Amino acid sequence: MIRLDHEVGHWVAARNHQMYFEANSQAIGLEKNQNIVAGVIYEDWNRQSIVCHIAIMGGITATFLAKIFDYPFRQLEVNKIIAPVASGNEESIRLVTHMGFKEEAKIKDAHPLGDIVIYTMTKKECRFLGERYGKKLTSSANAT
């Protein structure tokens, strides 16, 4: 089940070494067996870009992937998603690069685990907006 609520935001923040989840941020999560297993926080939207923080602790669905990219690119109409990742967090680096994010910049010694690596993805680069994933959004909307 896809969830949009503050509990998801707090869950993601706790797994990303963030102190809190801001009230003006948006969070999208995936729940299985009444437990949150994945989530994304979106913040700092400026109409051109948005920053995201991702946490995944279990299997994710194609519908979840479709939703987390549909929200910033289609609903907010941003051109770029920015994902800051600590250089020492190899699991997160594998995740964002597998999703299609590309390294754009580094901020040296800015995180307890090393540098902050800035990964980005443009709307044009996002493979989750195509027909394959778009059908997941349509079918899940029709099921409710």
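Reader: By class, how does the lining of the largest cavity divide?

Author: Eight residues are nonpolar, with no polar and no charged ones. Here Ala, Val, Leu, Ile, Met, Phe, Trp, Tyr, Cys and Pro count as nonpolar, Asp, Glu, Lys and Arg as charged, and the others, Gly among them, as polar. The lining is made up of Val40, Tyr42, Cys52, Ile54, Ile68, Phe69, Ile81 and Phe101, and β3, β4 and α2 (62-75) are the elements that give two or more residues to it. Before we go on: this is a predicted model, in which local features need pLDDT of at least 70 and side-chain atom pairs count only at pLDDT 80 or more, while totals for chains, interfaces and linings use all residues. Numbering runs from 1 along each chain as its sequence is written, and side-chain values use heavy atoms, with hydrogens and water left out.

Reader: What makes something a cavity and not a pocket?

Author: It's about getting out. On a 1 Å grid over the protein atoms alone, a cavity is a set of points where a 1.4 Å probe fits but cannot get out; a pocket is an open set with protein on both sides within 12 Å along at least five of seven lines, and lining residues have an atom within 4 Å of a point.

Reader: Which residues line the second largest pocket?

Author: Arg15, Asn16, His17, Ile54, Ala55, Ile56, Met57, Asn89, Glu91, Ser92 and Leu95 do. By class they come to five nonpolar, four polar and two charged, around a volume of about 210 Å³. At least two lining residues come from each of β4 and α3 (90-99).

Reader: Why does Tyr133 count as buried?

Author: Buried means under 20% relative accessible area, exposed over 50%, and partly exposed in between (1.4 Å probe, protein chains only). Tyr133 has 10% relative accessibility, so it counts as buried. It sits in helix α4 (residues 131-143). Leaving out residues up to four places away in sequence, Tyr133 touches Ala62, Leu65, Ala66, Arg127 and Phe128, where a contact means heavy atoms within 4.5 Å. Tyr133 and Ala66 are 67 residues apart in sequence, yet 5.3 Å apart in space, C-alpha to C-alpha.

Reader: And in α1, which residues are buried?

Author: In α1 (residues 6-15), those are Val8, Gly9, Trp11, Val12 and Ala13. They pack against β1 (2-3), β2 (26-32), β3 (35-43) and β4 (49-56). Just after α1, His17 has a positive phi of about 55 degrees.

Reader: How do you know which strands pair with β7?

Author: Two strands pair if DSSP finds at least two bridges between them. Strand β5 (residues 80-86) has seven bridges to β7, running antiparallel, so that passes the rule of at least two. Ala83 has Tyr119 as its bridge partner in β7. Strand β6 (residues 102-111) is also antiparallel to β7, with six bridges, and Ala105 partners Ile118. A hairpin of two residues joins β6 to β7.

Reader: What makes β7 a mostly covered strand?

Author: In β7 (residues 114-122), eight of nine residues are buried.

How values were computed
Helices (H or I, at least four residues) and strands (E, at least two) are DSSP runs, numbered from the N terminus. Grid points are joined across faces, edges and corners, and a volume is the space filled by probe spheres set on the points.
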